[in-house]
Amino acid sequence: MSGVNSAPRPGRWTRIVTARPRLSLLLALVITALAVFAGSGAADRMGSGGWDAPDAESTYATKALDREFPAARPNLLLLVDSGQKSVDDPAVVAEAARLAKRLAGEKDVTGVGSYWQTRSPALRAENGREALIAARIEGDEKAAGEVLERIAPGYRGVHGPVKVSVGGPVAVIHDMQTIIQEDLLRAEMIALPVTLVLLVMVFGSAVAAMLPLGIGIVAILGTNAILRGLTEFTDVSVFAQNLTTALGLGLAIDYALFIVRRFREELAAGAETREAVGITLRTAGRTVLFSALTVAVSLAAMLVFPQYFLRSFAYAGIAVVLLAASAALILLPAALILLGHRVNALDLRRLLRGRAGKQSGDDSVEGGESGGWGRVVSVVMRRAPIFAVATTAALVLLGLPFLGVKFGIADDRQLPSNAESHVVQQHIRDAFPGSPGGGLDVFAEGKATPAQYAEYRDRIAALPGVLRVDGPLVSGANATFTVLPEEEAVGEESQRLVRELRAEPAPFETSVTGSAARLVDSKDAIGDRLPWAAGIIAVVTLLLVFLLTGSVVIPLQAVVLNGLSLTAMFGAVVWVFQEGHLAGPLAFTATGSIETTLPVLMFCVAFGLSMDYGVFLLSRIKEEYDRTGDHEHAVGYGLRRTGGLITAAAVILAVVMVAIGTSRVSNTKMLGLGIALAVVMDAMVVRSLLVPSVMKLTGRATWWAPAPLRAFHSRFGLSEGGISGPAPAGGSAGERDGAEPAGPEQEDRDDLDRDKAAVGG
């Protein structure tokens with residue numbers, strides 16, 4: 001008893017969060033309504049970029065060129081199609097001149113130029129029937145998008161002898177933001193009803209099934225409001241909203257499943273409502289808090305990277321995890337106090353079967369030690385070496401395609417093939433000479449003579465892999481050169497050329513930008529910081545799992561097995577999205593590469609979710625091992641008690657991620673489908689087969705820790721039942737899970753007697 005009494009009274013949190021359940025829920029409703037108002041218009045303030053490091057050389061050069069040579073940096077392209085006529089036909093020339101003059105007169109549009117003005121062969125299609133008008137829309141991403149919305153309808157379509165299509169970077173960004181918002185709404189419309197049906201199948205009760213959805217909606221709306229606030233101070237990626245929806249629903253369902261399941265179990269064991277809530281918070285509630293910390297840490301690791309695309313997911317992820325956990329630990333207990341045994345009401349399975357349904361304690365996900373999971377445990381534990389070796393080998397094999405990964409940058413090919421800006425950009429790639437959009441721009445700072453510029457141009461033109469060099473274009477003390485590579489825009493040769501250009505001596509300061517330069521800088525930025533992110537995740541995971549279990553072996557197992565659970569996801573990303581298998585059925589354009597930040601994002605999210613399920617399983621194993629001291633029994637018991645729960649949670653989260661994966665933007669599709677695969681593999685292969693077989697092989701040594709760490713854990717460690725230490729060997733369900741001492745329990749019952757009229761028993 002001394003170990004328990006050294007902590008704050010266990011019933012205190014129960015009394016705090018359930019003292020005024022109706023008031024708690026009313027406040028939550030008001031705050032949620034305010035969040036809806038505060039988060040309105042959040043997507044309109046978010047960006048669709050963020051893949052570049054802000055301190056990179058290419059970023060500096062891009063900003064400098066935009067500032068010093070805006071006319072040379074067009075972000076709006078009008079593709080003029082003259083049909084069967086030549087672009088040099090007098091009628092076509094006249095109409096193109098009229099369009100260019102009209103565009104030059106538009107507010108916030110500068111640097112208008114065209115093939116008909118410059119006669120540049122790069123602006124004329126090889127078939128002679130298409131040409132380009134280029135311009136620059138001034139302002140930031142949001143302002144440029146608003147200008148595009150205003151002027152594009154007046155140019156798009158047929159104008160006399162020509163047909164005009166709108167493209168360029170600003171059009172790509174605008175289309176991406178529009179499509180993401182539409183796709184996110186569709187994903188929510190798919191995920192919510194399907195999730196509700198699955199929850200009803202899991203719980204049986206329609207009332208119980210509504211609780212996780214409510215928690216998820218609170219978390220999503222709250223996070224959206226937080227992201228809206230962050231846009232006032234920093235850049236936030238619009239892609240982060242997809243993670244908000246997925247994790248908001250997924251984690252809320254995970255946490256609510258675990259809490260509601262334990263609450264119904266205690267009710268079935270004979271506990272009164274308030275007592276059942278107290279036991280649930282001290283057992284499942286502690287596990288939920290622990291799980292939320294592990295997921296939040298995995299997502300927080302993305303803050304070490306400079307790209308705001310990754311940092312945005314950290315903002316969204318941390319917020320939605322903490323809000324989901326807070327709602328599950330504050331609002332859900334209040335709802336359970338009010339519902340009591342009515343949490344089992346509206347058993348739709350009973351109505352569908354037309355006969356008596358199962359009691360809450362015997363639901364498929366809440367079943368006891370017999371049945372399907374009992375048989376799985378028995379087979380795995382008997383043949384542990386075979387399952388451990390075979391499962392590990394299979395996971396490694398599935399991850400082998402990732403060894404051939406090629407990294408690239410995000411471009412218009414993320415968009416669906418029928419998006420106008422994608423059509424224009426693809427047409428330019430296919431029909432225009434050279435490597436449109438693939439040139440490397442060299443920004444030169446410092447006064448120089450024409451002879452010095454000419455000498456530098458000749459030297460870089462002689463570098464291997466250079467097709468030609470245009471320029472210099474001089475403005476005051478600055479100049480710019482455009483280097484066209486012989487190979488593809490972001491291929492290995494172009495990346496090598498970037499490094500050679502940067503190493504080339506010059507009588508002035510130079511900085512290089514362009515697609516290949518951005519890729520080189522992005523890879524360098526991620527490579528420099530990846531060890532820090534991985535180290536943070538590994539160290540904190542090891543520490544948290546040690547605090548949970550008191551073992552130094554289990555944390556190492558958790559990190560290694562979690563990593564193995566992600567191999568199938570990474571292998572599938574390369575096989576499907578890089579190499580283009582299933583591109584037709586999944587409706588995306590394969591680019592032959594993977595955007596550099598996506599594997600980092602997918603690792604952090606999937607590793608955190610894997611730890612989420614790992615904590616659920618390990619907490620129940622630890623609880624039973626403390627009670628009995630029997631290692632094999634504890635492993636089998638933990639899997640039997642949580643196997644159905646973890647599988648149900650994984651299937652529901654996978655449904656949410658697949659709904660996100662229906663996006664028409666290929667990076668979002670990759671994120672949703674990849675994480676769905678990782679979640680399913682983790683729950684159905686790693687947690688069900690690999691973890692129990694490995695723990696069987698390590699035996700009682702699984703729980704080993706050196707004496708100083710054992711002493712540290714006995715003082716500071718946590719367990720599902722409370723402070724670490726052996727639990728009573730017998731007793732009621734509540735006592736086995738770390739019941740409160742008599743005093744606080746009696747106070748809880750006194751509170752219940754006083755509040756019976758308010759809570760309906």
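A residue counts as buried when its relative accessible area is under 20%, as exposed when that area is over 50%, and as partly exposed in between. The exercises below apply this to a predicted model.

**Exercise 1.** Decide whether Asp183 and Arg186 are buried, partly exposed or exposed, and describe how they are linked.

*Solution.* 
Step 1. Asp183 has 3% relative accessibility, so Asp183 is buried.
Step 2. Arg186 has 30% relative accessibility and therefore counts as partly exposed.
Step 3. Both residues belong to helix 8 (residues 169-203), where they stand three residues apart, about one turn of the helix.
Step 4. In general, side chains of opposite charge can pair when their charged atoms come close.

**Exercise 2.** Classify Glu68 and Arg67 by accessibility, and state the N to O distance of their salt bridge.

*Solution.* 
Step 1. The relative accessible area of Glu68 is 27%, so Glu68 is partly exposed.
Step 2. Arg67 reaches 53% relative accessibility and is therefore exposed.
Step 3. The salt bridge between the two side chains spans 3.2 Å, N to O.
Step 4. The structure as a whole holds 37 salt bridges.

**Exercise 3.** Work out where Glu266 and Arg262 lie, and which network of salt bridges includes them.

*Solution.* 
Step 1. Glu266 and Arg262 are both in helix 10 (residues 240-268); because they are four residues apart, about one helical turn separates them.
Step 2. Glu266 has 1% relative accessibility, so Glu266 is buried.
Step 3. Arg262 is also buried, with a relative accessible area of 1%.
Step 4. A salt bridge joins their side chains at 3.3 Å, N to O.
Step 5. Glu266 and Arg262 belong to a network of salt bridges that also links Arg261, Glu265, Arg620, Glu623 and Arg641.

**Exercise 4.** Is Glu492 buried or exposed, and which residues gather with it in a patch of negative charge?

*Solution.* 
Step 1. Glu492 is part of helix 18 (residues 492-503).
Step 2. Its relative accessibility is 60%, so Glu492 is exposed.
Step 3. On the surface, Glu492 gathers with Glu486, Glu487 and Glu488 in a patch of negative charge.

Technical notes:
Residues numbered from 1 in each chain as written. Predicted model: local features only at pLDDT ≥ 70, side-chain atom pairs only at ≥ 80, totals over all residues. Heavy atoms only, no water. Patch = residues over 30% accessible without salt bridge, like charges linked within 9 Å, V, L, I, M, F, W, Y side chains within 5 Å. Areas by Shrake-Rupley, 256 points an atom, 1.4 Å probe, with all protein chains shown as cover. Salt bridge = Lys/Arg side-chain N within 4 Å of Asp/Glu carboxyl O. Lys, Arg positive; Asp, Glu negative; His and termini not counted. Charge placed at Lys NZ, Arg CZ, Asp CG, Glu CD. Helix = DSSP H or I, 4+ residues; strand = E, 2+ residues; numbered from the N terminus. Buried < 20%, exposed > 50% of the residue type's maximum accessible area, 1.4 Å probe, protein only.
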